[in-house]
Amino acid sequence: MTWDEIYRQTAAAAGVEVRIVHIASDFVAACMPDMTGTLLGDKSLSAVFDNSKIKRLAPDFATRTPYAEGIRRTVAWFDADPARQLVDAEMDARWDRLIAAYGQGLAKAVEAFSKGA
């Protein structure tokens, strides 16, 4: 699965619709330098996750729980206990500011290019 599909299925399990915003890792790192180490590695490249390697090494291996079912169980586990439902409001606000800044920058770039700049 791609990251987008993982996010779609996770959102569906939570009963919400996902709004995916693709922002370049270098933009995120420039705005939030503390995220550099977690972004400029494997997360900065497109990836498709599969289990072909384990199947080669252990041919009898078979997954029994599809991601969609596993994430539904995970969300149910979080929903079952309010103590597990902690939200980092400060981090949420930072991500919201980043998305807003990206949107503003994108709008300005589109405007500049539409004027032939």
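**Exercise 1. How many residues apart in helix H5 are Arg72 and Glu69, and about how many helical turns separate them?**

Solution, step by step:

1. A word before we start: the model you are looking at is predicted.
2. Find helix H5, which covers residues 67-79. Arg72 and Glu69 sit three residues apart in this helix, so about one helical turn separates them.
3. Now look at their side chains: Arg72 and Glu69 meet in a salt bridge, with 3.1 Å from N to O.

**Exercise 2. Work out whether Arg72 and Glu69 are buried, partly exposed or exposed.**

Solution, step by step:

1. The cut-offs you need are under 20% relative accessible area for buried and over 50% for exposed, with partly exposed in between.
2. Arg72 has a relative accessible area of 43%, so Arg72 is partly exposed.
3. Glu69 has 26% relative accessibility, so Glu69 is partly exposed too.

**Exercise 3. Find which residues are linked with Glu69 in a network of salt bridges.**

Solution, step by step:

1. Start from the bridge between Arg72 and Glu69.
2. Arg73 and Glu69 lie four residues apart in helix H5, about one turn of the helix.
3. Put together, Glu69, Arg72 and Arg73 form a linked network.

**Exercise 4. Describe the salt bridge between Asp81 and Arg84.**

Solution, step by step:

1. The N to O distance is 3.9 Å; the cut-off is within 4 Å, so the pair counts as a salt bridge.
2. Asp81 is partly exposed at 27% relative accessible area, and Arg84 is partly exposed at 28%.
3. To finish, the count for the model comes to six salt bridges.

Definitions and conventions: Residues numbered from 1 in each chain as written. Predicted model: local features only at pLDDT ≥ 70, side-chain atom pairs only at ≥ 80, totals over all residues. Heavy atoms only, no water. Helix = DSSP H or I, 4+ residues; strand = E, 2+ residues; numbered from the N terminus. Buried < 20%, exposed > 50% of the residue type's maximum accessible area, 1.4 Å probe, protein only.
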